Amino acid sequence: MDISTRLMSITMEFVFMPVQAGDKKLRGIFDSVSESHSITSFSTLPDGSTVMSTKEEKNNLSRYRILRDRVVITYEFCSNSINYYSALASDFLSVFAKTAGVSLILMHSIIIRKLVNLRQFEDGRDYLIKKALSLTDEDLKVFARPLHVIGTRMFFPAVDQGLSAYDIKVESWGEDTRSIFIECAGIYSAPADIGKDVSVISIDTDKTDDFISNNILGFLKQFGGR
């Protein structure tokens, strides 16, 4: 089956022991990354968190939010490869660890969102309803109204002493019924010292993306011939 995918967004969250970085250090982080990450704004939210972001555009929007116990990194309207964004995140976390003095990450999560098109099928919604979920028009009559979006959620806990779990959403895309929306949240519970080595970011980003490419798409493909 011929499948095409498009990266929509990546969200990463890194949890550490609570620490008060202070405005001077936060400004230092901003000064260090503003040019290389095209960061143009620095603001403090009512909850005390600090947000650094690029211009609000419909292309490559980057946002870095620093709280007392975590850093949340968001890339939206992605037009580059996943490796590009994991490299950006690695660079930001390296600067954060050095400047704020926070090295040990207790756990982290990486959420990748993609749109998928099954080229042999014009309607992704029909594919999910009739192929993957084996539902008929008769099964849906009970709702007594048109169905616009349908999908499923799956959670795969860590197994075999592994420290990674995956929380999955697969649903038809409301803005374009030809597409299927996939969200894969990789949850990684192993502590990591990003002050010494930030490769864990790219490694676990690749793991999350591989779970989409191999497991989720493999799951969807198997219904194509039925």
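Thr50 is found in strand 3, which spans residues 50-53, where strands (E, at least two residues) and helices (H or I, at least four) are DSSP runs numbered from the N terminus. The model is a predicted one, in which local features need pLDDT of at least 70 and side-chain atom pairs count only at pLDDT 80 or more, while totals for chains, interfaces and linings use all residues. Residues are numbered from 1 along each chain as its sequence is written, and side-chain values use heavy atoms, with hydrogens and water left out.

**Surroundings of Thr50**

- Thr50 has a relative accessibility of 3% and so counts as buried, given that buried means under 20% relative accessible area, exposed over 50% and partly exposed in between (1.4 Å probe, protein chains only).
- Leaving aside residues up to four places away in sequence, Thr50 touches Leu26, Phe42, Ser43, Thr44, Tyr64, Arg65 and Ile66, a contact being heavy atoms within 4.5 Å.

**The cavity**

- One cavity of 30 Å³ or more is found in a search of the whole structure; a cavity is a set of points, on a 1 Å grid over the protein atoms alone, where a 1.4 Å probe fits but cannot get out, and its lining residues have an atom within 4 Å of a point.
- The largest cavity holds about 60 Å³ of space, a volume being the space filled by probe spheres set on the grid points, which are joined across faces, edges and corners.
- Its lining consists of Leu128, Ala132, Leu133, Gly151, Thr152, Val170, Phe219 and Leu220, and at least two of the lining residues come from each of helix 3 (124-132), strand 8 (151-156) and helix 5 (199-221).

**Salt bridges**

- The structure holds 15 salt bridges, each being a side-chain nitrogen of Lys or Arg within 4 Å of a carboxyl oxygen of Asp or Glu.
- One of them joins the side chains of Glu76 and Arg63 (3.3 Å, N to O); Glu76 lies in strand 5 (residues 70-76) and Arg63 in strand 4 (residues 61-66), so the pair ties together parts that are 13 residues apart in sequence.
- Glu76 is partly exposed at 27% relative accessibility, and Arg63 is partly exposed at 24%.
- Lys141 and Glu138 also meet in a salt bridge through their side chains (3.3 Å, N to O), and both residues are exposed.

Methods. On a 1 Å grid over the protein atoms alone, a cavity is a set of points where a 1.4 Å probe fits but cannot get out, and a pocket is an open set with protein on both sides within 12 Å along at least five of seven lines; lining residues have an atom within 4 Å of a point.
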